[in-house]
Amino acid sequence: MDGLRSEAKNREIKEHLETCGSCRERYERMKRELEGEGIAALAEETREIDYLKKVRRRGLRKMLLTAAGILAAVALAIFVKLFVIGFPVDSYLITYMDVYEDTVRVGGVFYGSAQCYSRYRLAEQKDGTQKLVIYGTLPSPWNRDGAFNLEAELPEPSGALEIGGARILSDGTVISKLAGDLYRAKNPYIGDASADGRLAGALGIGAGLGSYQNQLQTSKEPYGWTFHFEDGVSNSAVFEEQMERYACVLLALTGNLGEVSWSYTVETESGPVKRERTVTEQECEKRLGAPVKSFGESPERVQEMLNILGLERPGM
């Protein structure tokens, strides 16, 4: 039955089975039993294979469903982030800022139409001050508003609230971004050309009045700073007034500077005319009502000077 006998013995058994009915019947019975066991084993193996296939299919289905769930959750989180919660935005313009009792009122608009206003929060800074963080979202059918108007409480005593580069103190004093930038650009010595450039840049002289060449006088007192403007001027009165304001700021924030001069060409009916002007500390003190150097002692004093000169509205 199992084919393990020799070939000669197999022939002998085969010949015997042909003549012995009893042995032949026993052989056939054994053969059926073995075949039945083989079929049963095959069926069991088939069942095991089918079971493993089902397990594999269930595992693959579960894995695909899990992956789809994760992708759906990620897509939902991105959607909520971009269209509902929003993200910090710095590209906005403050249009007004005022203090009423214990409340700061702020309004502004986003540049362009890429973001819409969502919300704001107050973030604690390393120096203990708070910063107003504006959040924007992508435009959607339910939110297309690029303007915002909000209110926040004044900071605690000795604290400060930063909004768009401006700082609001606990007593309601507003220090504009320009005042802060100018105070940080304060220069103790007129001979430092790079520091002079930072201060003039923060003040925006070139952007406001045109390109110029610098000339410094550091050999004797009063030390001087002269601006030679290269572009022609159509209205000398406006030019002179603006440059006089700038000169007072430069004198206040440059430690040993004693006078500011400038030269420019004005276009008249008879042709271009060269003009020159000098402003001293004493002239600025008369305009400001206090020693000019005292306005460089703190950001608050710089803001006070800007307000007196009319260079900027508070909070803008």
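Trainee: At what angle do the axes of helix α3 and helix α4 cross?

Mentor: The model is a predicted one. In it, the axes of α3 (residues 177-184) and α4 (residues 193-203) cross at roughly 175° and come within 9 Å.

Trainee: Why are α3 and α4 called roughly antiparallel?

Mentor: The crossing angle is roughly 175°, and angles over 145 degrees count as roughly antiparallel. The two helices are therefore roughly antiparallel to each other.

Trainee: Which residues in α3 and α4 meet?

Mentor: L178, D181 and L182 in α3 meet L199, A202 and L203 in α4. These residues divide into five nonpolar, no polar and one charged.

Trainee: What makes E276 exposed?

Mentor: E276, in strand β13 (residues 271-280), has a relative accessible area of 65%. Exposed means over 50%, so E276 is exposed. Leaving aside neighbours within four places in sequence, E276 is in contact with W262 and S263.

Trainee: What is the phi of E101, and where does E101 lie?

Mentor: Phi of E101 is near 55°, a positive value in a residue other than glycine. E101 lies in the loop between β2 (92-100) and β3 (103-110). Most residues other than glycine have a negative phi.

Trainee: How do you know that S158 is exposed?

Mentor: The relative accessible area of S158 is 81%, and the cut-off for exposed is over 50%, so S158 is exposed. S158 is found in the loop between β6 (147-153) and β7 (160-163), and has a positive phi of about 70°.

Terms used:
Residues numbered from 1 in each chain as written. Predicted model: local features only at pLDDT ≥ 70, side-chain atom pairs only at ≥ 80, totals over all residues. Heavy atoms only, no water. Axes fitted to C-alpha atoms, helices over the stretch in contact; angles between N-to-C directions. Helix = DSSP H or I, 4+ residues; strand = E, 2+ residues; numbered from the N terminus. Parallel < 35°, antiparallel > 145°, perpendicular 65-115°, else oblique. Contact = heavy atoms within 4.5 Å. Nonpolar A, V, L, I, M, F, W, Y, C, P; charged D, E, K, R; others polar. Buried < 20%, exposed > 50% of the residue type's maximum accessible area, 1.4 Å probe, protein only.
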